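Let's take a walk through this structure together. Have a look at it first, and then we'll go through its parts one by one.

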Amino acid sequence: MTAVLDTQVPPPAGVRDGAFGNATHLVCRACGEKSPLGPFYACMECFGPLEVGYDFPRVTREQIESGPKSIWRYAPLLPVPADIATFRSTDPGFTRLVDAGNLAADLGVRKLWVKDDSGNPTHSFKDRVVAVALSAARELGLNVLACPSTGNLANAVAAAAARAGIRSVVMVPSNLEQQKIIASAVYDTTLIAIDGNYDDVNKLASEIAGEEEGWAFVNVNVRPYYAEGSKTLAFEIAEQLGWRLPDQVVVPVASGSQLTKIDKGFSELIKLGLVEDKPVKIFGAQATGCSPIVQAYEAGHDVVAPVRPNTIAKSLAIGNPADGPYVLDVVRRTGGRIADVDDETVVRNIVRLARNEGIFAETAGGVTLGVTARLLAEGDLDPDAETVFINSGDGLKTLDAVASHVGPKTTIPPRYEAFTDFWRSYTA
Ligand SMILES: Cc1ncc(COP(=O)(O)O)c(C=O)c1O
Ligand SMILES: [Zn+2]
């Protein structure tokens, strides 16, 4: 046994043996106090956020490689039962790691990869976290899957619940992109639009989670399990690089959960001996119109002061990020940085990624590529190092962001002469 975290805390009555695989307990990220595995998300001692701890057995590359082509190949490293792949889920993950040679040349970097999570079942990385949260909900006997969401999470929850045959309730700010509203409602979820921003929606969801028994708000009361799903981004990147770690990774940040769990995922691979130990610098990306963690980083603070979001990158518009202090810790500890770009730069970089690599990203991807370019220009990212940036969502969900910037070159009648007239002047 490779005991990575070796304190066993017995689970509460009613949780079946093996319900959480190799996970053994929850641990407070603030004070280190341990809690049993269960429907808990805040520390009994200090109210700090909990995360999952494990006692990992030996896990081999071969064992993982022979698993399903989804996040479930990493089941031994997640808080899910060993037979998780037999349950009905959307089976997310195993998305492309694109060798972005054109973009690398455009940016002047030696080696650049795009981890393209728009290829997930509902076209964002949120399918990963929801799949793990759904498993926890099932094991804990919670039978309504719910969430407050900036859009993508609502899509993922609604789809996962439909496939699992359970009820879902998703709550979103009413000003969300139409594509994201429809791409939730189509699954026959109970979609509730709230007149307020995400932070208002989140506050209401927390109140409901405290009152309604049997509800799993994936990113509230089962958040410790949910968050573990993002580790699979790190696992896949390493496996797809041939069981190697990259030098630097750029990650979009809203609540900050994804960024902190990518770091945790790399650390676990090292502890388990699945990759050679080496430092990975983690960089965060926010839109200027919602950049509370950037502001704290630049002021040298450890805590994040909430802001009121105003950006086209609505998926990242969380003004009061739950994982803010942990993002600051990760970027400082790994030698990374968190930076922002304005909305005009976001749009330019959506187009830049599309034209260079044939990948149409949502606004979050424009933020991440924009920040990648900025960090290169400012000397924080090393152009000679191997870099990965995360494209976490699909441009078809945020069409309005680019609608006024791209379109037909002309409209002509269906006649050959009309075409040749156009072509002559167009290519002149
Ligand atoms: C497309 C996309 N990327 C990134 C994020 C940020 O995730 P996190 O809240 O884990 O920082 C979100 C969150 O909603 C998202 O929808
Ligand atoms: Zn605590």
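## A first tour

UniProt, in an unreviewed entry, places the feature "domain: Tryptophan synthase beta chain-like PALP" at residues 91–393. UniProt positions follow the numbering used here, feature names are shortened, and annotations may be inferred rather than shown by experiment. Over residues 91–393 the chain is 45% helix and 17% strand, with the end C-alpha atoms 17 Å apart. Helices (H or I, at least four residues) and strands (E, at least two) are DSSP runs, numbered from the N terminus.

Keep in mind that this is a predicted model: local features need pLDDT of at least 70 and side-chain atom pairs count only at pLDDT 80 or more, while totals for chains, interfaces and linings use all residues. Residues are numbered from 1 along each chain as its sequence is written, chains are lettered from A and ligands numbered from 1 in the order in which they are written, and side-chain values use heavy atoms, with hydrogens and water left out.

## The zinc site

Which residues hold the zinc ion (ligand 2) as protein donors? They are Cys28, Cys31, Cys43 and Cys46, each through SG, lying 2.2 to 2.4 Å from the ion. (Donors are N, O and S atoms within 2.8 Å of the metal, or 3.2 Å for Na, K and Ca; water is not among the atoms, so sites may look incomplete.) The 4 donor atoms subtend angles of 101 to 117° around the zinc ion (ligand 2), so the arrangement is tetrahedral; four donors count as that if all angles lie between 85 and 135 degrees. For comparison, the ideal angle for four tetrahedral donors is 109.5 degrees.

In sequence, the donor residues are spaced C-x2-C-x11-C-x2-C. Cysteine 28 in strand E1 and cysteine 43 in the loop between strand E2 (34–35) and strand E3 (50–54) are 15 residues apart, so to speak a link between distant parts of the chain. Cysteine 28 is buried, with a relative accessible area of 4%, and cysteine 43 is buried too, at 1%. Buried means under 20% relative accessible area, exposed over 50%, and partly exposed in between (1.4 Å probe, protein chains only).

## Rings that meet

A search of the whole structure finds 9 aromatic pairs. Rings of Phe, Tyr and Trp (its six-membered ring) pair if their centres lie within 6.5 Å; planes under 30 degrees apart count as stacked, over 60 as edge-to-face and the rest as tilted. Here are two of the pairs:

| Pair | Centre to centre | Between the planes | Kind |
|---|---|---|---|
| Phenylalanine 20 and tyrosine 225 | 4.9 Å | 20° | stacked |
| Tyrosine 74 and phenylalanine 235 | 5.2 Å | 45° | tilted |

Phenylalanine 20 lies in the segment before strand E1 (23–28) and tyrosine 225 in helix H7 (residues 223–228), so this pair ties together parts that are 205 residues apart in sequence. Phenylalanine 20 and tyrosine 225 are both buried. Tyrosine 74 is buried as well, at 1% relative accessibility, and so is phenylalanine 235, at 0%. Elsewhere, ring pairs link Tyr416, Phe419, Phe422, Trp423 and Tyr426 into a cluster.

## Around strand E5

Strand E5 (residues 111–116) is mostly covered, with 5 of its 6 residues buried. E4 and E5 run antiparallel, joined by 4 bridges, and E5 pairs with strand E13 (residues 386–391) in the parallel sense over 6 bridges. Two strands pair if DSSP finds at least two bridges between them.

How values were computed
Tetrahedral: all angles 85-135°; square planar, octahedral: opposite > 155°, others 65-115°.
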